[in-house]
Amino acid sequence: MVGYLNLILRLSIWFLLTANFSWQNIIIGIIVAFLLPGLQKTPVVLKDWLRVFREILVAIPQAYMEAFQIMLRPHNEEDITMERVKPQRTPTLIFIDIFLITFTPKTIVMKYHEDGWYEVHWVRRRKNQ
């Protein structure tokens with residue numbers, strides 16, 4: 001089941017990159033999704049994928065809210081923090097975590113450290129405003 005989720009993720013990224021739903025492009029996308037390395041190397045728990053889908057549903061309205069906050073009130077302060085990767089994450093789930101952090105307008109992952117840390121850049125409002 002989880003292998004199918006990885007395949008669907010790869011196809012979704014392919015269709016987002018190409019923006020083409022012709023039969024030829026669908027076939028090429030399926031071939032590329034199968035040829036990319038790492039499809040069945042690490043075991044993934046379905047519970048982790050369900051948690052990620054919930055986080056995606058929360059991130060979409062949060063991104064809109066943060067975009068309006070940035071437009072209406074200035075955010076002049078910048079901060080760089082280190083955040084720990086959740087335990088036992090596969091490379092696919094780490095990619096989705098980085099995408100979700102970067103999806104919101106106030107944060108961006110600057111670097112992923114192999115020892116299990118994200119370097120996150122934050123844009124914040126100054127406290128005295």
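Here is a chat about how the labels on this predicted model follow from their cut-offs.

User: Before we start, what kind of model is this?
Analyst: It's a predicted one, where local features need pLDDT of at least 70, side-chain atom pairs count only at pLDDT 80 or more, and totals for chains, interfaces and linings use all residues. Residues are numbered from 1 along each chain as its sequence is written, and side-chain values use heavy atoms, with hydrogens and water left out.

User: What makes up the fold, going from the N terminus?
Analyst: The order is α-α-α-β-α-β-β, which gives 4 helices and 3 strands. These are DSSP runs numbered from the N terminus: helices are H or I with at least four residues, strands are E with at least two.

User: How much of the protein is buried?
Analyst: Of the 129 residues, 31% are buried. The cut-offs for relative accessible area are under 20% for buried, over 50% for exposed and in between for partly exposed (1.4 Å probe, protein chains only).

User: Why are K86 and E55 called a salt bridge?
Analyst: Their side chains meet at 2.7 Å, N to O. The rule asks for a side-chain nitrogen of Lys or Arg within 4 Å of a carboxyl oxygen of Asp or Glu, so the pair qualifies.

User: What does the K86 and E55 pair tie together?
Analyst: K86 sits in the loop between β1 (77–84) and α4 (91–103), while E55 is in helix α3 (residues 46–72), so the contact links parts 31 residues apart in sequence. K86 is partly exposed, because its relative accessibility is 35%.

User: What about D79: how far is its closest contact with R124?
Analyst: The closest N and O atoms of D79 and R124 are 3.6 Å apart, and the two form a salt bridge. D79 belongs to strand β1 and R124 to strand β3 (residues 117–124), so this pair ties together parts 45 residues apart in sequence. D79 comes out at 30% relative accessibility, so it counts as partly exposed. R124 gets that label too, on a value of 30%.

User: Which ring does R124 lie over, and how do you know?
Analyst: R124 is over the face of W122, at 4.4 Å from the ring centre. The test is NZ of Lys or CZ of Arg within 6 Å of the ring centre and within 35 degrees of the ring normal.

User: R89 and D97: buried or exposed?
Analyst: R89 is buried, because its relative accessible area is 12%. D97 is buried as well, at 7%. R89 and D97 form a salt bridge, with the closest N and O atoms 2.8 Å apart. By the rule, the count of salt bridges comes to 3.

User: How many aromatic pairs are there, then?
Analyst: There are 3. In one of them, the ring centres of F15 and F21 are 5.0 Å apart and the planes are at 40°, so the pair is tilted. Centres must lie within 6.5 Å for rings of Phe, Tyr and Trp (its six-membered ring) to pair; planes under 30 degrees apart are stacked, over 60 edge-to-face and the rest tilted.

User: F15 and F21: buried or exposed?
Analyst: F15 is buried at 18%, whereas F21 is exposed at 61%.

User: Why is the F99 and F103 pair called what it is?
Analyst: Their ring centres are 5.7 Å apart and their planes at 35°, so that pair is tilted. F99 and F103 are 4 residues apart in helix α4, about one helical turn. F99 is partly exposed at 47%, and F103 is partly exposed at 36%.

User: What makes the nonpolar patch a patch, and which residues form it?
Analyst: I13, L17, I60, Y64, F68, M71, L72, F95, F99 and F103 form it on the surface, with about 1100 Å² of accessible area together. Members need over 30% relative accessible area and no salt bridge; nonpolar side chains (Val, Leu, Ile, Met, Phe, Trp, Tyr) are joined within 5 Å, like charges within 9 Å. The areas come from the Shrake-Rupley method with a 1.4 Å probe, and for residues only the protein chains shown count as cover.

User: Which element gives the largest share of the nonpolar patch?
Analyst: That's α3, with 5 residues; α1 (2–18), α3 and α4 each supply at least two.

User: Which residues does UniProt list as "transmembrane region"?
Analyst: An unreviewed UniProt entry lists residues 12–36; such annotations may be inferred rather than shown by experiment, feature names are shortened, and positions follow the numbering used here. In the model, residues 12–36 are 80% helix and 0% strand, with end C-alpha atoms 14 Å apart.
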